[in-house]
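This report is written for a reader meeting the structure for the first time.

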Amino acid sequence: MKCEELLRILGDYIDGEVDGHLCQAFEEHLSQCDPCQVVIDNIRKTITLYRAGQPLEMPQEIRERLHQILRDRWKDRSWKK
């Protein structure tokens with residue numbers, strides 16, 4: 001397996017949707033390829049941090065600006081119909 005192939009099936013591997021033969025080739029490649037190991041380790045860490053994270057409250061000023069932008073875009077969209 002080449003790095004490009006590994007990256008192509010990466011999402012399926014993480015989701016546990018790769019068949020046994022392909023999974024074995026994936027893991028074999030990882031055991032010999034430092035750059036791909038770094039990519040996988042970063043993804044695993046990102047997922048772990050995401051799962052452990054707590055929602056942050058959006059500052060009021062940013063929330064108001066976001067709502068105004070969304071209202072403006074919605075109005076622009078409704079006029080085009």
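The sulfur of Cys 36 lies 3.6 Å from the closest cysteine sulfur, which belongs to Cys 3, and this is too far for a bond. The reason is the cut-off: a disulfide requires two cysteine sulfur atoms within 2.5 Å. By that rule, the count of disulfides is zero. Cys 33 is likewise in no disulfide, and the nearest cysteine sulfur to it, that of Cys 36, is 3.6 Å away. The model under discussion is a predicted one.

Two of these cysteines can also be described by their accessibility. Cys 36 is buried, with a relative accessible area of 4%, and Cys 33 is buried as well, at 10%. Arg 63, by contrast, counts as partly exposed, with a relative accessibility of 27%. The table sets out these values.

| Residue | Relative accessible area | Class |
|---|---|---|
| Cys 33 | 10% | buried |
| Cys 36 | 4% | buried |
| Arg 63 | 27% | partly exposed |

The wider setting of these residues is the protein chain. Its secondary structure consists of four helices and zero strands, and the order along the sequence is α-α-α-α. How does the radius of gyration of the protein chain stand against that of a compact globule of 81 residues? The protein chain has a value of 21 Å, whereas the globule would be near 12 Å. Along the principal axes, the C-alpha atoms of the protein chain fill a box of roughly 55 × 35 × 20 Å.

Of the 81 residues in the protein chain, 14% are buried. Where contacts join residues at least 6 apart in sequence, 44% of them link residues at least 24 apart.

The surface and the charges may be considered next. The protein chain exposes about 7,300 Å², of which carbon and sulfur atoms supply 54%. Its side chains include 13 positive and 15 negative ones, and the centres of the two sets are 12 Å apart.

Which residues does Arg 63 contact, leaving aside its neighbours within four places in sequence? They are Glu 57 and Met 58. Arg 63 and Ala 25 stand 38 residues apart in sequence, and their C-alpha atoms are 47 Å apart in space.

How values were computed: Residues are numbered from 1 along each chain as its sequence is written. This is a predicted model: local features need pLDDT of at least 70, side-chain atom pairs count only at pLDDT 80 or more; totals for chains, interfaces and linings use all residues. Side-chain values use heavy atoms; hydrogens and water are left out. Helices (H or I, at least four residues) and strands (E, at least two) are DSSP runs, numbered from the N terminus. The radius of gyration is taken over C-alpha atoms; the globule rule is 2.2 Å times the number of residues to the power 0.38. Buried means under 20% relative accessible area, exposed over 50%, partly exposed in between (1.4 Å probe, protein chains only). Contact means heavy atoms within 4.5 Å. Accessible areas come from the Shrake-Rupley method with a 1.4 Å probe; for residues, only the protein chains shown count as cover. Lys and Arg count as positive and Asp and Glu as negative; His and the chain ends are not counted. The place of a charge is taken as NZ of Lys, CZ of Arg, CG of Asp or CD of Glu.
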